[in-house]
Amino acid sequence: MAKERSLSPEARSILGTQVSRRAVLAGAGGVGAAGLLAACGGGGDGASAENTVRWGNWPLYLDFDEESKTYPTLVKFSEQTGIEAKYFEDYNDNDEFYGKVQAQLKLGEDIGYDVVTPTDWMAARWIRLGYTQKYDTANIPNKVNILDSLASPSYDPNRESTLTWQGIMGGFGWNVQKNPKGIRTLDDLFAPQNKGKIVVLTEMRDTIGVILLGQGVDITKVTEDEFMNAVDFMAKKISDGWIRGVKGNEYAEDLTSGDATAVIGWSGDMFILASENEGKFDFAIPESGGTISGDNLIIPSTASAAGKANGEKMINYYYDPAVAAEVAAYVNYVCPVKGAQAEMEKIAPELATSEYIFPTEKTSSRLNVFRSLTPDEETKWAEAFQQAQGN
Amino acid sequence: MSFPKVRVPYLLLLPGFAFLFTFFILPIINLAQTSTQTPVAGGDTGEYEQTLAFGNYIQAFVENKEQFGRSFLYASLATIFALAIAYPLAYAIAFKSGKFKNILLVLVVAPFFTSFLLRTIAWKQILGEEGFVVPGLRSLNIIGEQTTLTSTSIAVVAGMTYNFLPFMTLPLYASLERIDPRTIEAAGDLYANGITAFRRVTVPLSLPGVVAGTLLTFIPAAGDYVNAAILGSPNTKMIGNVIESRYFKIVDYPTAAALSFTLMAAILILVTLYIRKAGTEELV
């Protein structure tokens with residue numbers, strides 16, 4: 001999937017300036033589609049050697065130098081430590097990646113990665129099933145740099161086997177011409193000018209989370225009835241022709257092509273869309289609150305001792321504020337590392353004040369984490385959400 | 001030293017059999033086993049045990065009959081449109097193209113040089129708000145300001161028709177090309193006009209191509225999910241999308257397996273009826 005980047009001139013032009021993985025993927029024609037087939041292919045690398053680390057991450061989620069075709073921070077890591085980092089951009093979708101490796105995890109066979117990057121709820125599933133290894137904290141002194149707000153998630157209260165890679169805010173995105181007053185509430189979203197041109201995310205916790213918050217429900221405590229009620233609300237909006245599609249990263253493409261005028265979307269994409277199209281698009285956290293989630297660096301239970309130690313050293317490296325700032329300047333998602341904002345002042349002062357990358361206290365207080373689900377709920381709720389979108 | 005003659009055919013069958021056994025029979029058995037499983041009580045997401053729950057099939061079908069119906073409707077429409085487009089095309093290549101025959105054949109196959117996904121994504125852009133089709137139709141007042149083409153069943157069927165067109169064209173061409181022109185001349189000698197000769201001679205002789213082409217189009221089209229995923233909306237989901245979502249999103253392997261089997265059975269029955277009607281000798 002890493003090759004996708006070379007396919008789209010649109011992607012290339014974005015890469016020349018500023019990049020986010022989700023935005024560029026949307027330009028390349030939709031990760032959803034690619035993801036459909038990615039599930040069938042293998043991934044990772046067969047061999048686990050003494051001085052290498054194999055990292056599976058989401059596409060375009062790490063600083064990349066178009067000219068040398070390398071990842072500058074990763075190259076520096078290798079130079080500093082002598083550890084060869086093999087980087088795979090083949091984590092396209094939580095469910096699909098899980099579907100691909102779960103049989104090997106179950107059998108305890110090497111899955112081809114020493115570090116993978118699942119989203120919170122999926123990381124929670126890996127922990128629950130014993131598919132992760134606890135960090136050796138001696139290898140990760142920088143662990144203390146994690147933002148306080150992210151330091152104790154319910155699935156890993158002491159961050160013993162997960163650390164946030166990047167944080168993602170979910171909220172409203174819109175076309176400014178069609179929505180000159182902006183979108184702050186569900187009523188604004190379902191306004192007549194957006195009928196049939198609304199796209200919402202396939203990520204259940206973001207889409208239903210934003211709807212629930214709009215209905216005044218606390219998503220950190222949501223009950224099944226409340227959830228199903230919100231799913232029915234979405235299903236009704238689909239059958240009545242308000243919502244055009246339920247999509248992954250491709251919604252950004254729909255916004256640029258004019259097929260969508262308002263979305264429930266992700267902060268990083270909207271940051272890029274707004275800066276690439278000179279004020280044509282905007283993003284806001286809903287009045288009633290938005291969602292926040294994170295992708296996590298975890299070490300699979302199948303990683304060898306050497307792979308694990310090397311992975312930990314790499315995670316430690318990325319929790320260095322200066323390195324984190326370098327990554328954040330490229331990916332534009334919420335940076336989870338304390339001190340990175342000060343480092344950003346030195347390399348890109350205009351980004352150091354960006355609410356997208358370093359949300360203020362006030363903004364953070366309006367972001368909510370969807371509560372963890374039990375295995376039963378996970379299946380049942382996902383089923384309801386899928387059926388609402390015609391599956 | 002030589003093999004006894006009778007063993008040679010079996011030896012020739014061996015590679016194919018070994019391949020199909022490993023990559024078709026074994027997975028099918030596995031799928032069949034999965035289809036009657038139910039969740040382990042208190043187990044985690046994706047943990048299932050064998051309970052011979054054949055009710056899975058009924059439930060899977062009842063819950064998704066709409067998508068089944070849509071799959072066969074879209075596949076039938078795509079097959080009909082593909083036939084309507086491919087027949088004249090194959091006819092022209094076989095009889096009227098002269099020295100351009102090879103170039104035209106290469107052009108029919110040319111789309112295969114790019115990925116199926118990319119071609120479908122290109123359709124999305126062609127039919128999108130900023131493509132040339134929608135603004136064109138709007139300026140001619142054929143469609144209104146609010147009407148769009150992507151995320152509709154029209155887009156899905158159009159995409160499928162396009163994607164499976166070569167599968168229809170090539171068998172049609174192969175059987176048309178084999179027709180001895182003298183049979184058509186003979187029809188003329190027997191006072192058949194052009195239309196009658198076409199209807200009574202060309203069409204019947206090209207039927208093997210029609211049968212092969214429609215099967216090669218209909219079968220994959222019924223199970224297709226890429227077109228519906230990329231060009232469709234929640235209201236145009238096909239059974240392939242449901243299976244994908246059941247397998248990867250809901251992690252409900254039994255239902256996904258039961259749906260796959262039901263789809264296979266439905267296609268098998270339809271194809272059997274069709275071949276019986278058309279006659280197997282038409283296939284070759």
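Let me begin with confidence. This is a predicted model, and chain A has a mean pLDDT of 85, with 87% of its residues at 70 or more. Residues 1-42 of chain A are another matter: their pLDDT is below 50, although this stretch has 107 contacts in the model beyond near neighbours in sequence.

The largest nonpolar core has 107 residues. Which residues have the most contacts inside it? They are Val263(A), Met314(A), Ala324(A) and Ala328(A). Helix α13, residues 321-331 of chain A, gives the most to this core, namely eight residues. Domain 1 and domain 2 of chain A each supply at least three residues to the core. Nonpolar side chains tend to be buried together in soluble globular proteins.

Consider Val263(A) in particular. Leaving aside residues up to four places away in sequence, its contacts are Gly173(A), Ile198(A), Val199(A), Val200(A), Tyr251(A) and Leu255(A).

Gly173(A) leads us to a pair of strands, for its bridge partner in β8(A) is Phe283(A). Strand β4, residues 163-175 of chain A, pairs with β8(A) in the antiparallel sense over four bridges.

Finally, I come to the contact between the chains. Chain A contributes 32 residues and chain B contributes 31 residues. On the side of chain A that touches chain B, α17(A) gives the most, with six residues. That side of chain A comprises ten nonpolar, 14 polar and eight charged residues.

Technical notes: Residues numbered from 1 in each chain as written. Chains lettered and ligands numbered in written order. Predicted model: local features only at pLDDT ≥ 70, side-chain atom pairs only at ≥ 80, totals over all residues. Contact = placed C-beta atoms within 7 Å. Helix = DSSP H or I, 4+ residues; strand = E, 2+ residues; numbered from the N terminus. Nonpolar A, V, L, I, M, F, W, Y, C, P; charged D, E, K, R; others polar. Pairing = 2+ DSSP bridges. pLDDT = per-residue confidence, 0-100. Core = buried A, V, L, I, M, F, W, Y, C linked by C-beta atoms within 7 Å. Buried ≥ 20, exposed ≤ 12 C-beta atoms within 10 Å, placed from the backbone. Domains from an automatic or database assignment.
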